[in-house]
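User: I'd like to learn how to read a few features in a model like this one. Can you take me through them, general idea and then the case at hand?

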Amino acid sequence: MKIKTNIYFFLKEHPLALYICYILVVSVFCIALAQLSHGSSFRIWVYQLFHDEIMEKGIEYGEVEKSQRYGNLLTKYRLVEFGDTSPERINPQAPMIALTFDDGPSTQATKRILDALERYHAKATFFVVGSNSKRYPELLQEIAASGNEIGNHTDEHKDLTTLSKADVQEQIENVDFLVQEATGAKTTVIRPPYGAYDKKLLKRLEAPVVLWDLDTEDWESRNAHFIVQKVMTQVKDGDIILLHDIYESTAEAVEWLLPMLREQGYQIVTVSEMAHYKGKDLEKHKAYGEIEGITGQ
Ligand code: ZN
């Protein structure tokens, strides 16, 4: 009883303390209210507050572990809030994107990216080249065994539009041979080096050509912060995002991006999965820059 009286007099004599208590009560009320309305501006503001903190403090100080903690927390939050039963279940109506990695596999980045993908229940497509496939068959195995997709980025990374029919075939078959030897299956899609293709080349290739519509320019910046900014400011449903799993900065960026993208509701899938779930299975003799589908129509 005496404590209660003391608090009463304390608050009466210190209006600032009373004011702070009032603010606290109103804040709790607002947060509770925001939880009730999905997509409210207050809620989005809270989300952005989290993201900005992760992006600025996290990357500046390189606190990867902290981001993973946030990521797990937020992913769990998303699962509870949005009623998802399994983090691996794909909802065809919800937004999805495909991360694609060229020029690998490499010891600098591929393993780290695979670990991050697994942690966030995400899948990606790896467009491998001949030299690295020959050097790291165990990485090819690991990509395939973890449910990720392997695409063909040619044997010697040449501009295919300048080659003869026989040379184009050789560039593709050499990689297919290495991938099949390591994993038991051939590549499913082709990404011509430099994204260079023409009608003649499309006719010659016996698998769908996959390009991209969001270029992270990771090969140029070699800066995780820049890559994250670029993706988070431009990403939209159906995007095919171009990255390279030969730089540590790209692996670091992926570790930051996965929790952020998932938290924004993006499902991270392989190119073929995205096409399939959007009702547009990939066809040979065609080139794809992004996959527009049933979402948002
Ligand atoms: Zn390339």
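User: Let's start with Ile23: what is its relative accessible area, and how do I read it?

Analyst: Keep in mind that this is a predicted model. The general idea is that a residue counts as buried under 20% and as exposed over 50%, with partly exposed in between. Ile23 has a relative accessible area of 39%, so it's partly exposed. You'll find Ile23 in helix H2, residues 15-36.

User: Which residues form a nonpolar patch on the surface with Ile23?

Analyst: A residue needs over 30% relative accessible area to join a patch. Here Ile23 goes with Leu16, Tyr19, Ile20, Tyr22, Leu24 and Val26, and together they have about 720 Å² of accessible area.

User: And Ser133, is that buried or exposed?

Analyst: Ser133 comes out at a relative accessible area of 2%, so it's buried. It sits in helix H6, residues 130-135. Leaving aside residues up to four places away in sequence, Ser133 touches Pro105, Val128, Leu140 and Leu178.

User: Which residues coordinate the zinc ion?

Analyst: The zinc ion is held by Asp103 through OD and by His153 and His157 through NE2, at 2.1 to 2.2 Å. Along the chain, these donors follow the spacing D-x49-H-x3-H. Asp103 lies in the loop between strand S1 and helix H5, while His157 is in the loop between strand S3 and helix H8, so the pair links distant parts of the chain, 54 residues apart.

User: How do Asp103 and His157 compare in accessible area?

Analyst: Asp103 is buried at 16%, whereas His157 is partly exposed at 23%.

Notes:
Residues are numbered from 1 along each chain as its sequence is written. This is a predicted model: local features need pLDDT of at least 70, side-chain atom pairs count only at pLDDT 80 or more; totals for chains, interfaces and linings use all residues. Side-chain values use heavy atoms; hydrogens and water are left out. Helices (H or I, at least four residues) and strands (E, at least two) are DSSP runs, numbered from the N terminus. Buried means under 20% relative accessible area, exposed over 50%, partly exposed in between (1.4 Å probe, protein chains only). Contact means heavy atoms within 4.5 Å. Donors are N, O and S atoms within 2.8 Å of the metal (3.2 Å for Na, K and Ca); water is not among the atoms, so sites may look incomplete. Patches are made of residues with over 30% relative accessible area and no salt bridge: like charges are joined within 9 Å, nonpolar side chains (Val, Leu, Ile, Met, Phe, Trp, Tyr) within 5 Å. Accessible areas come from the Shrake-Rupley method with a 1.4 Å probe; for residues, only the protein chains shown count as cover. A salt bridge is a side-chain nitrogen of Lys or Arg within 4 Å of a carboxyl oxygen of Asp or Glu.
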